[in-house]
Amino acid sequence: KNGVYVDCTLGGGGHSSEILKRIPNGHLYAFDQDSFAINTADEKLKKIASNYTLINENFVNIKVALEEENVYGVDGILYDLGVSSFQLDIPERGFSYRFDGPLDMRMDQTAELDAYTVVNTYDEKSLVRILFEYGEEKFARLIARKIVSEREKKPIETTLELVEIIKKALPASALRNSSHPAKQTFQAIRIEVNHELDILKKALEDGLSILNKNGRMVVITFHSLEDRIVKDMFNKYSKVDSNLSKLPFVPSEFEPKYKTVLNITPSKEEINENSRARSSRLRVIERIKE
C-alpha cells in the first residue's frame, strides 16, 4: 500500500484508477505520449486521490523520466500494449477499421509519420515487408499491390477507403474468415507509424532494471509479435545461461535475478464480457535478487 507503481500505458485511466485505489500511502507514475489521454485520465484520477504524477512521454523514456522525478526504484510496472479502447473509439484518430476517419494512427499527435504517409508514399516492397512482418498478413503482396494501384488514381485518405481496398485485394475465402479482413493490415501500419516493437524492447529492459526486490512487471499483449518479445525478454532474465546450466552448480552471482510468475489468457467469461480481450495474454515477472 505504500509502494511506488508505474502505469506505462495510461490510456483512459482504467488500470491507473484501480492501482490508485490500492496504494493510499504510495505513489503512482503514469505515462502516455498522447496529451488527450493525459488530460482525460487526469479528470478521472483526481476524483480518486492525488498521490499520482502524469508524465506526457513515450514509455521508452521510463528510466530517464523517473530519474527526473528522483525515482530510482519501483515496486510494480504495468504495460497494457497496443492501442487503448478510448483511442479506438475516436474515429478522428484513424485507428479503427470499423469507423470512418482520417488515416492517422499516431499515438503521439505531434509525430511526423502518420498512416496516410505510409499508405500513400511507401513503395510496394516496403508495404509488403510491413504487412508481412508486423501484421503477419499472408496476403501481404496482394494487398500492397492493390494499395499501390489504387493510390495512382487518387490518394487514399480515410480508414474505410483503405478497408475497401483491402477487401478488393483479398480472395473470397479470406473474406469469409471470422476476423475482420483489415485487422492485420491496420495492426501492421499502426506498428510502423509508432515504432512499437523497437520501443517495447528498450522499455522492457529499462523497466526491469529499476524494479525493486520483490517488485513485479506485468505485461498485457494483444498479438504474437509483442508476446514473443516479452516472452524472450522474460526468459533472458529469469533463466540460467545455457552454458552455465551444464555445470554441477551455478555460482550465486550467475543465478537469475528474476523469476517468471504468471502467463495467462482470458477465460471464456471474460471474452464474453469484453470481446477486445480475446487475443490478449498476460505475463508477469518478479525480481528476486538485488
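Where is Met105 found? In this predicted model, Met105 sits in the loop between α4 (85-88) and α5 (115-121).

## Backbone with positive phi

Met105 is not a glycine, yet its phi is positive, at about 70°. The residue counts as buried, because its relative accessibility is 0% and the cut-off for buried is under 20%. His195 is another residue other than glycine with a positive phi, near 50°. His195 is placed in the loop between α10 (183-194) and α11. With a relative accessible area of 45%, His195 is partly exposed.

## Helices α11 and α12

Two packed helices are described by the angle between their axes and the distance between the axes. For helix α11 (residues 196-209) and helix α12 (residues 224-238), the angle is about 30° and the axes are 10 Å apart. Angles under 35 degrees count as roughly parallel, and α11 and α12 are therefore roughly parallel to each other. Their crossing is right-handed.

On the α11 side, the contact involves Glu196, Leu197, Leu200, Lys201, Leu204, Glu205 and Leu208. These residues meet Leu225, Glu226, Ile229, Val230, Met233, Lys236 and Tyr237 of α12. Sorted by class, the contact of α11 with α12 has nine nonpolar residues, five charged residues and no polar ones.

Lys236, which lies in helix α12, is one of the contact residues. Its relative accessible area is 52%, and Lys236 is therefore exposed, the cut-off for exposed being over 50%. Between Lys236 and Ile38 there are 33 Å in space, C-alpha to C-alpha, and the two are 198 residues apart in sequence.

## Helices α7 and α8

How are α7 and α8 oriented to each other? The angle between α7 and helix α8 (residues 159-169) is about 125°, with the axes 9 Å apart. The two helices are therefore oblique to each other. In passing α8, α7 makes a right-handed crossing.

From α7, the contact is made by Leu142, Ile143, Lys146, Ile147 and Glu150. From α8, the residues are Leu162, Ile165, Ile166, Lys168 and Ala169. The contact of α7 with α8 divides into seven nonpolar and three charged residues, with no polar ones.

Lys146 is found in helix α7 and is partly exposed, at a relative accessible area of 25%. Leaving aside residues up to four places away in sequence, Lys146 touches Ile165, Lys168 and Ala169. Lys146 and Ile166 are 20 residues apart along the chain, and their C-alpha atoms are separated by 7.5 Å.

## Salt bridges

Side chains of opposite charge can pair when their charged atoms come close. How many salt bridges does the structure hold? There are 20 salt bridges in the structure. The table gives examples.

| Glu18 | Lys21 | 3.0 Å |

Glu18 and Lys21 are three residues apart in helix α1 (residues 14-21), so about one helical turn separates them. Glu18 is partly exposed, with a relative accessible area of 37%. A network of salt bridges links Glu18, Lys21 and Arg22.

Glu150 and Lys146 are four residues apart in helix α7 (residues 140-151), so this pair too is separated by about one helical turn. Is Glu150 buried or exposed? At 12% relative accessibility, Glu150 counts as buried, whereas Lys146 is partly exposed at 25%. Both residues also belong to the contact of α7 with α8.

Glu255 counts as partly exposed at 37% relative accessibility. Lys289 is partly exposed as well, with a relative accessible area of 26%.

Conventions:
Residues are numbered from 1 along each chain as its sequence is written. This is a predicted model: local features need pLDDT of at least 70, side-chain atom pairs count only at pLDDT 80 or more; totals for chains, interfaces and linings use all residues. Side-chain values use heavy atoms; hydrogens and water are left out. Axes are lines fitted to C-alpha atoms, for helices over the stretch in contact, and angles run from 0 to 180 degrees between N-to-C directions. Angles under 35 degrees count as roughly parallel, over 145 as roughly antiparallel, 65 to 115 as roughly perpendicular and the rest as oblique. A crossing is left-handed if the near helix is turned anticlockwise from the far one by less than a right angle, and right-handed if clockwise. Contact means heavy atoms within 4.5 Å. Ala, Val, Leu, Ile, Met, Phe, Trp, Tyr, Cys and Pro count as nonpolar, Asp, Glu, Lys and Arg as charged, and the others, Gly among them, as polar. Buried means under 20% relative accessible area, exposed over 50%, partly exposed in between (1.4 Å probe, protein chains only). A salt bridge is a side-chain nitrogen of Lys or Arg within 4 Å of a carboxyl oxygen of Asp or Glu.
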